Amino acid sequence: GGSRAPMARPVLALGVEGSANKIGVGIVRDDGTILANPRKTYVTPPGTGFLPRETAVHHQEHVVSLIQEALEEAGVTPQDLSCLCYTKGPGMGGPLVSVAVVIRLLSQLWGLPIVGVNHCVAHIEMGRTVTGAKNPVVLYVSGGNTQVIAYAEQRYRIFGETIDIAVGNCLDRFARELNLSNAPSPGYNIEQLAKQGSQYVELPYAVKGMDISLSGILTFAESVAREKLGKAECTPADLCFSLQETVFAMLVEITERAMAHCGANDVLIVGGVGCNERLQEMMRVMVGERNGVLYATDERYCIDNGAMIAHTGLLEFQRGVTTPLEETTVTQRFRTDDVLAVWRDD
């Protein structure tokens, strides 16, 4: 017989995420395999949040060692890579810039093309790949974003969203009021404390059609905490339980409304708050009543990571999309529906 054609070299992408308090580096293959995905979180003292400048410094301190760690773990060299991907936005300005500068430098050092990636779309694509969800309604819930999204005609359309703060920001700031630890994350600590809550303290419920409002609920919960905890009328656990039950019920309601609108049965939850097992449980009940499937992932993929940026950048790269060096800017506001999903044919 004739000589066999050599195996096609796998296409690999390296992606760096740094839009908030996590800096992550991922290396992924074009078949969706994640070869490495190390990450570091900037954890601040209890009662405080993370500020852009300090967060940027944290990312600058760790990004190079994380890239080295990812290359070693994946067992690849820069020569094996096909493209470099970075978070273009949305997110905090300083941290985003820190990552973009590193990617520009590596692009010139290693002679590789760059792909700028939308953070929100990356969460969705990572969720679809990890869970196998085909065309679900997506609930994207994190510290900076709260959106109900469905795909139509090469765009991820936003059907509903928060009109003020994100659900993760609401929970994180309530954790600050209670002086809970920010390690591993304030939301995780609220979730654990909520399991011990037995008394439901009534909070405002603020659904506005397809949208929700959370800032008033947070203010109300903070004032109730100051008033009732002092008199021992309820416990911190009761308040965490009540806040979760209320805001998660709101999220389930607007997700169900989008499902009815789109005629969809399945739901995919992405973003850091998507790790919350109580939210998953409440959503699973609603989706089950509609004979659908709930798709969710654990903290490896829900929480910001480099692999989701590498994976989404690679999808674009394989359709011929790259970002010229002079356009490798960042933007703090970058809508999910601004991206043309060229890799989707459905």
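Modeller: Helices and strands here are DSSP runs, numbered from the N terminus: a helix is H or I with at least four residues, a strand is E with at least two. The model is predicted, so local features need pLDDT of at least 70 and side-chain atom pairs count only at pLDDT 80 or more, while totals for chains, interfaces and linings use all residues. Residues are numbered from 1 along each chain as its sequence is written, and side-chain values use heavy atoms, with hydrogens and water left out.

Start with the loop between helix 4 (167–177) and helix 5 (186–194), where proline 184 is found. A cis peptide bond joins alanine 183 to proline 184, with omega about -5°. Most peptide bonds are trans, and most residues other than glycine have a negative phi.

Now move along to helix 5. Its buried residues (under 20% relative accessible area; exposed is over 50%, partly exposed in between; 1.4 Å probe, protein chains only) are Pro186, Asn189, Ile190, Glu191, Leu193 and Ala194. What covers them? The cover includes helix 4, helix 7 (236–262) and helix 8 (277–289). Contact here means heavy atoms within 4.5 Å.

There is another cis bond to see. The peptide bond from glycine 89 to proline 90 is cis, with omega near -10°. Proline 90 lies in the loop between strand 5 (83–89) and helix 2.

Helix 2 (residues 93–110) then packs on helix 1 (residues 52–74): their axes come within 8 Å and cross at roughly 35°. Axes are lines fitted to C-alpha atoms, for helices over the stretch in contact, and angles run from 0 to 180 degrees between N-to-C directions. The crossing of helix 1 past helix 2 is right-handed. That word applies when the near helix is turned clockwise from the far one by less than a right angle; anticlockwise is left-handed. On the helix 1 side, the contact residues include His59, Gln60, Val63 and Ile67; on the helix 2 side, they include Gly94, Pro95, Val102 and Trp110. By class, this contact has nine nonpolar residues, five polar and no charged. Nonpolar covers Ala, Val, Leu, Ile, Met, Phe, Trp, Tyr, Cys and Pro; charged covers Asp, Glu, Lys and Arg; the others, Gly among them, are polar.

Helix 3 (residues 119–131) and helix 10 (residues 306–317) also pack, at about 90° with axes 8 Å apart. That makes the pair roughly perpendicular, the label for 65 to 115 degrees; under 35 is roughly parallel, over 145 roughly antiparallel, and the rest oblique. Seven nonpolar, five polar and one charged residues form this contact. Glu125 and Met126 are among those on helix 3, and His311 and Leu315 among those on helix 10.

Back to the loops. Glutamate 153 sits between strand 8 (146–152) and strand 9 (155–161). Its phi is near 50°, a positive value in a residue other than glycine. It counts as exposed, at 68% relative accessibility. Glutamine 154 is in the loop between strand 8 and strand 9 too, with phi near 65°. Glutamine 154 is partly exposed, at 25%.

Last, the cysteines. The structure holds zero disulfides, a disulfide being a pair of cysteine sulfur atoms within 2.5 Å. Cysteine 83 is in none; its nearest cysteine sulfur, that of cysteine 85, is 4.0 Å away. Cysteine 83 is buried, at 0% relative accessible area. The sulfur of cysteine 275 lies 4.1 Å from that of cysteine 302, too far for a bond.
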